[in-house]
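Please read the following account alongside the sequence and the three-dimensional view. It leads from one chain to the contact between chains and then to the other chain.

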Amino acid sequence: MFPPQFEYVQPDSIDQAIAALASDDTRVLAGGHSLLPAMKARNASPESLVDIGDISALHRIDRDGPENETVIGAAVTDADILADGSLKRNAPMVHEAIAAVGDRQIRSRGTVVGNLLQADAGADIPAAMVAADAMLTIRNGEGERTVPVDELYEDPDNDHHPAAITNGDDLATEVRIPDVTGGAYLRKTHPATGYALVGIAVRLVTDGGTIAKARVVATGIERTPRRLPGVEERLIDKAPSSLPDQTVRIADPEPAAVRADPNVSGPYRHQLLESYTGQAIAVASDRVAPGVVRMSSESREAAPTDDSVEEASDPTRVAGMPLKRREDEGFLRGETTFTDDLKRPNCAHLTFVRSEHAHAAIEDIDPKDAVGRDGVLAVYTWNDLAASSSPCVLPISTGGLEHDVPGHPVLAQNRVRYHGQPIAAVVAEDPYLARDGAEAVEVTYKVREPVIDAVEALGPDAPALYEDTPDNVIATAAVGDERATTRAFEHAEVVVDISLRNNRLIPSALEPRVAMAVYDASRDRFTVELASQSVHGHRSKLAKTLGVPERSVHVVAPAVGGGFGHKGHHHPGEAMAAWSARELDRPIKWTATRSENYREGAHGRDHHTDAELALDSDGTMRGLRVKTIANAGAYGLGGSAGMATRYGGLLSSEYAIPAIHCSTRAVFTTTAPIHSYRGAGRPEAIYVTERVIDVAARKLGIDPISLRRANLIPPDAFPYETAVGVTYDSGDYAPALDRALEAIDYEERRELGGERSDGRLRGVGVACYTESTGGGHETGVVRVHPDGSVAVYAGTHSHGQGHGTTYAQLVADELEIPYEDIDVNEGDSEEVPTGTGTFGSRSTIGGGNAVVQSAQTVLKKARTLAANRLGVDPNDVRYGSGEFFAPSVPDQRLSFSEVAGMAYGWGGSGTHRAGLGGHDVLRTGGDGVHFRDPRNRGGDRSHNR
Amino acid sequence: MSTHEITLTVDGSERTATVEPRTLLVHVLREHLDNTAPKVGCESGKCGACTVQLDGEPVKSCLVLGVQADGTSILTAAGLADGDLHPIQEAFREEHGLQCGYCTPGLVMSTLDLLEKHQELSREEIRAELKGNICRCTGYQNVVEAVETAAKTLDTERSD
Ligand SMILES: Cc1cc2nc3c(=O)[nH]c(=O)nc-3n(C[C@H](O)[C@H](O)[C@H](O)COP(=O)(O)OP(=O)(O)OC[C@H]3O[C@@H](n4cnc5c(N)ncnc54)[C@H](O)[C@@H]3O)c2cc1C
Ligand code: FES
Ligand code: FES
C-alpha cells in the first residue's frame with residue numbers, strides 16, 4: 001500500500017505553516033500515523049501536506065505559566081511527553097492514556113494533539129483529555145482561539161472530525177492540561193488491533209474527605225468520547241475509601257446502544273465497560289485517598305512454571321543436542337535474502353486490479369487511463385492471456401469431484417466469483433506507478449447475487465457459481481461404517497449432539513506472497529523465484545499454467561518468511577509474473593500487499609458440522625456420527641475442492657469408538673478458495689471429537705478428563721484399527737495425558753474456575769490430539785566433496801523449521817563426521833530433480849529419513865572403497881568415529897576424507913563409478929520412526945504418536 | 001510531482017536519495033539504498049517488521065515518509081553489530097527466539113529500544129512493550145526468554 005502522489009512542504013514557523021495551509025486541499029501532517037494510513041487506504045488524498053515536525057515552537061512542553069497546567073505543543077510526540085514525566089506527576093490519568101496508545105513505535109511518531117484531533121473511535125487520549133477539562137489552542141490567518149477539548153466532539157455524528165476545526169487553515173498549536181492528580185485511565189485492549197475495545201478515564205476531586213466532582217469518560221463505546229453522567233452522579237458525596245473495586249452497573253448507555261463492530265458486540269462491550277469502570281474508579285479513589293486497603297479482585301495468580309520434562313538424550317549423538325541454529329545469524333543481521341529482497345537489473349513490477357464484488361459479470365474493463373500514464377508498461381486482461389500460447393488457468397485436480405469445473409483463471413474470464421479475484425494486471429517501472437496504474441483501470445460490473453455461507457449455498461434458491469454445478473456441490477464422500485453406526489445409536493443409552501462451526505481462517509505468514517520471474521528467450525526457460533513451501537510442486541503447477549514442459553521452469557525459493565500452507569499453493573501472482581516476463585522480456589516482480597494476501601486466499605477450514613455421540617450411561621463411547629458441509633470457496637486450487645471430504649480419518653483420535661460414520665459435502669461459495677491451512681483437516685476433526693466429548697461430559701455429569709481417560713485406546717489394543725479405517729501401530733495415551741495435566745496444574749486451575757468479582761469468567765479446557773503426518777515422497781541427496789566435506793540437498797524447504805541445522809545433525813550422526821563439515825541446501829528445483837516440500841509436519845520424517853538413507857548409501861560405497869585400499873572384504877570393514885579400519889589390518893586406518901579423496905582421485909580400483917554420493921527418493925514409511933501400512937488410505941500415510 | 005533530495009545517515013554512513021514525497025522510508029532504505037534489513041509485512045504500521053531507529057527512537061519505517069526522515073540518522077538491524085553479534089542478537093540465537101526470521105530484524109530493533117530505556121522488566125511487561133511487533137512463528141515464548149537473557153547480559157556489561 002502506497003500513498004497517492006502529493007506535494008510536501010516543511011515550514012519552520014507557525015506563520016509559514018498557516019500560510020501554506022491556506023491553499024486548497026492541504027492537510028497538516030503531524031506524526032502522520034493516522035493520516036498516512038488513511039492515504040494508503042485512499043480514505044484521504046490531499047493534494048499537499050504541511051509537515052509541522054520542523055517547527056520548534058510546536059515542540060514545547062511547558063509548566064512555567066501562571067496556571068497549574070502542562071502545555072504540550074502540537075509536534076510533541078507521545079514518547080516525548082512520556083519521557084518528560086510532567087504528566088506522570090501532574091496528571092497521571094492523561095499520562096496513562098498516552099502510554100496506552102498503540103505501541104512503542106507508534107508512540108515515538110504519533111503526536112498528542114494529532115491523536116486528539118484524529119479521535120478515532122477507541123482513541124485513548126481524547127477521553128482522558130475530556131475528563132481533565134483540557135483546552136486546545138487553535139490558530140489561523142485571522143487569529144487564535146482556545147476551545148475546551150470536549151467541544152471537539154460535540155457532534156458525534158459528524159464524520160468530519162474534529163468538529164471544532166472549521167477552517168482549512170486552522171492549525172492546532174497546543175493543548176493545555178490542568179493538573180489532575182486524582183484520576184486514572186484503564187483500557188481493555190483488543191489483542192489483534194491493539195486498540196482499546198473500551199477505555200475509561202475517571203477523575204475524582206475531593207472536598208473534605210468526600211467526592212465533590214467526578215468525571216467519568218469512556219472511549220470505544222460510541223464514535224467519540226462519551227461521558228457517563230449517571231456514574232458521575234453516584235460518586236458525588238461518597239468517601240473514596242467506600243468505593244469497592246467491583247463492576248459498576250451502567251444504565252446509560254444501555255447495552256443495545258453501545259457501538260458494535262466486527263470485533264465485539266455492543267452488549268459485550270457494555271459488559272467490559274461496567275467492569276473497567278469499576279476498576280478505574282478504584283484506582284482513581286486510591287489516588288485521592290491513598291493508603292486505603294481495598295479488596296482487590298486483581299490478585300494475580302502466579303504464572304504457571306514451565307518445568308517441562310527434560311528428555312534424556314544420547315550424549316554421543318548430535319541429533320537431539322540443543323544446538324544454536326546455524327541459520328540464525330543471517331536473519332538476526334537482516335542479511336538473509338527473502339524473495340522481496342531480490343534485485344534484478346531492469347526489473348519491472350506487477351500489480352493486480354481486483355474484484356470489488358463477491359459475484360459479478362464483468363461488462364467492461366477500460367484500461368485507457370492507465371496505459372498512458374508515466375511508467376506504466378502494460379495492462380493485461382484475460383483477452384491477452386487467451387491470445388497467448390499459455391492456458392493461464394491454475395491446474396485443478398478433478399479426482400473425486402462430481403462435476404467437471406474449470407480451474408482458477410489467472411485473470412477473470414468475464415466473471416468474478418470472489419471479492420479480490422484478479423481481473424487485470426498492470427506492469428510498471430516501479431510498484432508505486434503500478435499501483436497508480438491499477439487505480440486508473442475502470443471495471444464495469446453487473447453484480448450478481450453472492451453466497452458466502454456454505455449451508456446457504458445448498459439452498460434451493462442459492463445462486464449457482466457454475467452452470468453445470470447447479471447445486472454448488474462439488475464433492476461428496478463418507479468414511480466409516482454407516483450401518484454399524486446407526487446400530488450403535490439405536491442401542492445407545494445416552495446421545496448428545498452438537499452443531500459447530502470450524503471457522504474460516506486466513507493464513508498469515510508474516511512475509512506476504514511474492515515472486516520474481518525471469519524469462520530466457522534463448523532457451524525458452526523461466527526462472528521463478530518465489531516464497532514457496534514446495535519448489536517442485538510450484539514447478540509442475542507453473543508449467544501447466546504456462547503450458548510449457550517442466551524442464552522449462554526452474555523454481556527457486558530463497559528464505560521464506562513463514563508458510564502455514566498458504567505458500568504451498570499455486571496462485572495467480574507467480575503465474576502472471578512469469579507470463580509477463582516472457583511478454584515484456586524483462587524480469588518481473590510481484591509482491592502482494594497484506595490485504596491482497598488476505599483477499600486472495602487460499603483460506604483454511606470453514607466447516608459446518610453436526611455431530612452426535614452415543615454412549616452408555618457410564619460414559620463408554622459407542623458411536624460417533626458426523627455430517628459436515630465444507631466451504632470450498634469459489635475455485636478449486638489443485639486438490640483443494642475434494643480435500644475436505646477426506647478429513648474424517650482422524651475423528652477417532654485417541655479413543656476406542658467402535659462405530660464412526662462421517663459424511664462430507666464440499667460446496668462452492670463466492671468466497672476466496674479454501675485449501676490446506678495448518679493441519680489441513682486434522683484440527684477440524686479433533687475439534688469435532690473433543691467438543692462433543694465435552695458436551696457429553698456435562699450431560700453425564702462426568703469429569704471431562706475422566707470421560708476421556710475411560711475411553712482411551714488401551715495400550716494392549718495396538719495395532720489398533722479405528723472405525724474410520726486407520727491403523728495406529730502403537731500408543732500409550734494415559735501417561736501422556738497425566739503428564740499434560742500435571743504440567744498445567746489441572747486440579748488447581750479447575751478450582752480457580754467460575755465467576756470473579758469483577759465479572760470475568762474463568763475455566764479450563766483440555767483436548768487430546770492424534771496426528772497423521774509425513775505423506776508423499778521426498779528426496780534427500782548427500783554429496784561428499786573430495787576433501788570429505790559434505791553437501792546435503794533435500795526436496796523440502798524450511799520456512800522457519802531450521803532444516804539447515806536438523807539435517808546436518810542427522811547426517812553428522814550417520815556419517816560420524818563433524819556437524820560443521822555439513823552444508824544443507826534446499827529450495828531449488830534443479831538441485832534435486834524431485835521433491836514434495838515442507839507442510840503437514842512432514843519434513844523431518846520425509847526429508848530427514850531421505851537424507852539419512854542417502855548418508856547410509858554413502859557409507860556403504862565408502863566402505864567398499866576402503867575395503868579395496870585395505871585389501872579386505874567390504875564386510876570386514878568397520879567404521880567408527882570417522883575412520884575405516886579392519887581387525888585384520890590393525891595398523892592401518894583411513895579417515896572419511898581420505899576415502900572421499902579416493903573416490904574422485906587417481907588410483908581407484910576402476911570397478912567403481914567415480915564420486916561419492918547418495919541420492920534417495922524415499923516414499924515415507926518403512927523404517928523404525930514410523931510405519932507404512934497400505935490399509936491407511938493410499939499406503940503412504942504414517943501415524944506417529 | 002516534485003521530487004526531493006534527502007540525506008540520511010544509515011548505519012553510520014551518509015547516503016542521499018532522490019524521492020517523491022510519498023516514498024516511504026522503508027522503500028527508501030530497501031529500494032533506493034539497498035538496505036533490506038527492515039522487512040515489509042503489512043505496510044500499515046501493524047506488524048513492526050520494518051522497525052528501525054530514527055534518531056534513537058524506534059519507528060515503523062512504513063509509516064514514515066522519506067522526506068520526513070531527511071537529515072536524520074537511521075539504525076537498522078544490519079548496522080547493529082560489526083563483528084560479533086550484538087548481545088540482543090546473540091540472546092535471540094541462544095534462546096531460539098526466531099524461526100522463519102522475517103520478523104527478526106524488526107523485533108531486534110524494538111528490543112534494542114526497550115532495553116536502552118528499561119533495565120528491569122517483568123515477562124508481562126516485555127510482552128506488552130513489544131506488542132508492536134508481530135511474530136507468526138514463535139508464539140513469543142522464546143522471544144520473551146531472549147529479551148530477558150539480553151537484559152541480563154547488557155546489565156552485566158553495564159556493571160563491568
Ligand atoms: C498501528 C497503529 C496503532 C494505533 N493504535 C492506537 C491506539 O491504541 N490508541 C490511539 O489512541 N491511537 C492509536 N493509533 C493512532 C495514533 O495514535 C495516531 O498517531 C494519532 O491518532 C494521530 O496522531 P499523528 O500525530 O500521527 O497525526 P496525523 O496522522 O499526522 O494527523 C491526524 C489528523 O489530524 C490532523 N492534524 C494533526 N495535527 C494537527 C494540527 N496541529 N492542527 C490541525 N490538524 C492537525 C491531520 O491533518 C490529520 O487529519 C494507532 C495508529 C497506528 C498506525
Ligand atoms: S511493514 Fe511496517 S509495520 Fe508492518
Ligand atoms: S520468526 Fe517467523 S514471523 Fe517471527
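A salt bridge joins the side chains of B:E57 and B:K117, with 3.1 Å from N to O; the term denotes a side-chain nitrogen of Lys or Arg within 4 Å of a carboxyl oxygen of Asp or Glu. Across the interface of domain 1 of chain B and domain 2 of chain B, the rule finds 1 salt bridge. The domain assignment of chain B places domain 1 at 4–79 and domain 2 at 87–159, such bounds being taken from an automatic or database domain assignment. The centres of these two domains of chain B, taken over C-alpha atoms, are separated by 22 Å. Their contact (heavy atoms within 4.5 Å) takes 18 residues from domain 1 of chain B and 13 residues from domain 2 of chain B.

The model is a predicted one, in which local features need pLDDT of at least 70 and side-chain atom pairs count only at pLDDT 80 or more, while totals for chains, interfaces and linings use all residues. Residues are numbered from 1 along each chain as its sequence is written, chains are lettered from A and ligands numbered from 1 in the order in which they are written, and side-chain values use heavy atoms, with hydrogens and water left out.

The confidence scores come next. The model scores ipTM 0.98 and pTM 0.93. The mean pLDDT of chain B, pLDDT being the predictor's confidence in each residue from 0 to 100, is 96, and 99% of the residues of chain B reach 70 or more. Chain A averages a pLDDT of 90, with 93% of the residues scoring at least 70. Within chain A, the pLDDT is below 50 over residues 292–312, a stretch that has 27 contacts in the model beyond near neighbours in sequence. Residues 925–945 of chain A likewise stay under 50 in pLDDT, and for them the model has 54 contacts beyond four places in sequence.

Within chain B, domain 1 and domain 2 bury about 1,200 Å² between them, of which 55% is on carbon and sulfur atoms; buried area is the accessible area (1.4 Å probe) that two parts lose on being put together, summed over both. Between these domains of chain B the count is 7 residue pairs in polar contact, both residues at pLDDT 80 or more. A polar contact is a pair of N or O atoms within 3.5 Å; within protein, one must be able to donate a hydrogen and the other to accept it, and residues adjacent in sequence count only if both atoms are side-chain atoms.

How many residues does the contact between the chains take from chain A and from chain B? It takes 61 residues from chain A and 72 residues from chain B. The area buried between chain A and chain B is about 5,500 Å², and carbon and sulfur atoms give 53% of it. Of the area that chain A buries against chain B, A:R104, A:L332 and A:L510 supply 16%, more than any other three residues. The interface of chain A and chain B holds 11 salt bridges. In one salt bridge, B:D34 pairs with A:K343, their closest N and O atoms being 2.7 Å apart. The rule also finds 31 residue pairs in polar contact across the interface of chain A and chain B, both residues at pLDDT 80 or more.

Chain A is assigned domain 1 (51–288), domain 2 (339–450 + 507–600), domain 3 (473–505 + 602–756) and domain 4 (780–928). The C-alpha centres of domain 2 and domain 4 of chain A lie 40 Å apart. In contact are 17 residues of domain 2 of chain A and 16 residues of domain 4 of chain A. Together these two domains of chain A bury about 1,200 Å², with 43% of it on carbon and sulfur atoms. A:Q533, A:H536 and A:H554 supply 44% of the area that domain 2 of chain A buries against domain 4 of chain A, more than any other three residues. The count between domain 2 and domain 4 of chain A is 1 salt bridge.

Over all chains, a search of the whole structure finds 62 salt bridges. A:E96 forms a salt bridge with A:R287, and their closest N and O atoms are 2.4 Å apart. Because A:E96 lies in helix α5 (residues 92–100) of chain A and A:R287 in helix α10 (residues 266–288) of chain A, the pair ties together parts that are 191 residues apart in sequence. Helices (H or I, at least four residues) and strands (E, at least two) are DSSP runs, numbered from the N terminus.
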